[in-house]
Amino acid sequence: MKRREFISLIGGAAVAASGPARAQADRVRHIGVLMGYAQSDADTQARMAAFREAFEQLGWKDGRNVAITYRFGVAELDRVRDYAKELVDSNPDLIVCETTPALKAVADHTGTIPIVFVSVTDPVSNGFVTDLAHPGGNITGFTNFETTMGGKWIELLKKIAPSSRRVGVIFNPDTAPGGGAFFLRSVAASAPALEVEVLPFPVRSDDEIESAVTGLGGEPGGGLIVTLDASMAVHRPAIIAQAATHRVPTVFPWRFGASDGGLLSYGADVPDLHRRAAAYVDRILKGTRPADLPVQQPVKFELVINLKTAKALGIEVSPMLLATADEIIE
């Protein structure tokens, strides 16, 4: 064989070998995103913007090399299940899920499509992953809870409203992790040292929320903790309104609980979780298995105090507590 023919043959083989790899790299990837809350919600928009910004910084542009389909579950279980099936049936390269109900709905329909979750509280006990360090299977992501948060909620309630003696913990047993037991354990563990009686309030509707908060406000010393539960986020207008009517100091786990009129919120910086999730999506699209990416816990938390609400409740917030707040709403 002549030298020129040999070089031509080798070059042709290299091009042929690189063809499938290049086609794989150049093809448009498809991602499904199932958000937990309404599209019109300002916090939903902030979370989506955080993900898109981080994803674009990694070289992915919606409409250019990736196509992203968004669906919004709004914590209505039937709608969440329908959207989950729709996204799985579209056979995307990956699905991003926000909240535990959204993740469960998607996981029920696929054991092969890679899934990155955000704002899921207890993925091990729920059976989504084997353990945090080694998830196994097709699921990994970012939790929105760490073990001391329940104690922090009740501690903050006592600091802002020292007279609190009867503290309700409100949740929807159909959507809260462990049917509500997960949060009750973490709150109850800190209650004795603070001389607080913890009262569980499983609720599914605005009427049940009204009944629970009315009971707490009927005697002095009532307080309320709202758990990390997608259903409670959707029903927060009713919780905030009833807490104001019955003068019950209330702690929320999301920033929007305080910004919408609640007294105080303490929880994970959720846009930061979405920002970090973009890096996992990038790595999986480039070939990393979800099983090899450890589940990560939140690293940024924020305390927000609504001074306007405090004044309406007749609460004078201590300067020391105000100094620890990340944001004060006046």
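## Salt bridges

Counting every side-chain nitrogen of Lys or Arg within 4 Å of a carboxyl oxygen of Asp or Glu as a salt bridge, you get 16 salt bridges. This is a predicted model, where local features need pLDDT of at least 70, side-chain atom pairs count only at pLDDT 80 or more, and totals for chains, interfaces and linings use all residues. Side-chain values use heavy atoms, leaving out hydrogens and water, and residues are numbered from 1 along each chain as its sequence is written.

Let's start with Arg 71 and Glu 86, whose closest N and O atoms are 2.6 Å apart. This pair links distant parts of the chain: Arg 71 sits in strand S2 and Glu 86 in helix H3. (Helices, H or I with at least four residues, and strands, E with at least two, are DSSP runs numbered from the N terminus.)

Arg 255 also bridges to Glu 327, at 2.9 Å between the closest N and O atoms; these two are 72 residues apart. Lys 159 and Glu 155 meet at 3.1 Å, N to O, and both lie in helix H5, 4 residues apart. Asp 41, Arg 236 and Asp 260 are linked in a network of salt bridges.

## A covered helix

Now for H4 (residues 100–107): 6 of its 8 residues are buried. Buried means under 20% relative accessible area, exposed over 50%, and partly exposed in between, using a 1.4 Å probe and protein chains only. Among the buried ones are Leu 103 and Val 106.
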